[in-house]
Amino acid sequence: MKEIKRISAGAMFESDVLHFIDRLAAEQQRNRSFIINHVIRHYCRMRQLAIQVEAGDTPQTGRPAGVLDLIRF
């Protein structure tokens, strides 16, 4: 598997979103970056499954194909 480079993105968050991320990080004993990456990866999986269902395909439970191959799950 390819090594994942960590790149600072300097994102700005709305206060309620940041509060949610901080709460999740505390509950999971993880840092903000881990939580944000995990949430986005989860969203990508759910979106790919929705695309498959909309296309009439049987959803695959593995790694999504196509563009999402760029994201390590």
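A: A residue is called buried under 20% relative accessible area, exposed over 50%, and partly exposed in between, with a 1.4 Å probe and protein chains only. The part examined here is Gln29, which counts as exposed because its relative accessibility is 73%. The model is predicted, so local features need pLDDT of at least 70 and side-chain atom pairs pLDDT 80 or more, while totals for chains, interfaces and linings use all residues. Residues are numbered from 1 along each chain as its sequence is written, and side-chain values use heavy atoms, leaving out hydrogens and water.

Gln29 is found in the loop between helix H1 (15-28) and helix H2 (32-54). Helices are DSSP runs of H or I with at least four residues, and strands are runs of E with at least two, numbered from the N terminus. The chain has 2 helices and 0 strands. Gln29 follows H1, and its phi is positive, about 55°, although Gln29 is not a glycine. Most residues other than glycine have a negative phi.

The axes of H1 and H2 come within 9 Å and cross at roughly 105°. H1 and H2 are therefore roughly perpendicular to each other, a term for angles of 65 to 115 degrees. Their contact (heavy atoms within 4.5 Å) is made by Leu18, Ile21, Asp22, Leu24, Ala25 and Gln28 of H1 together with Arg32, Ile35 and Ile36 of H2. By class, this contact has 6 nonpolar, 1 polar and 2 charged residues.

Whereas Gln29 is exposed, H2 contains the buried residues Ile35, Arg41, Cys44, Gln48 and Gln52. The buried residues of H2 pack against H1. In the chain, buried residues make up 12% of the 73 residues.

Conventions
Axes fitted to C-alpha atoms, helices over the stretch in contact; angles between N-to-C directions. Parallel < 35°, antiparallel > 145°, perpendicular 65-115°, else oblique. Nonpolar A, V, L, I, M, F, W, Y, C, P; charged D, E, K, R; others polar.
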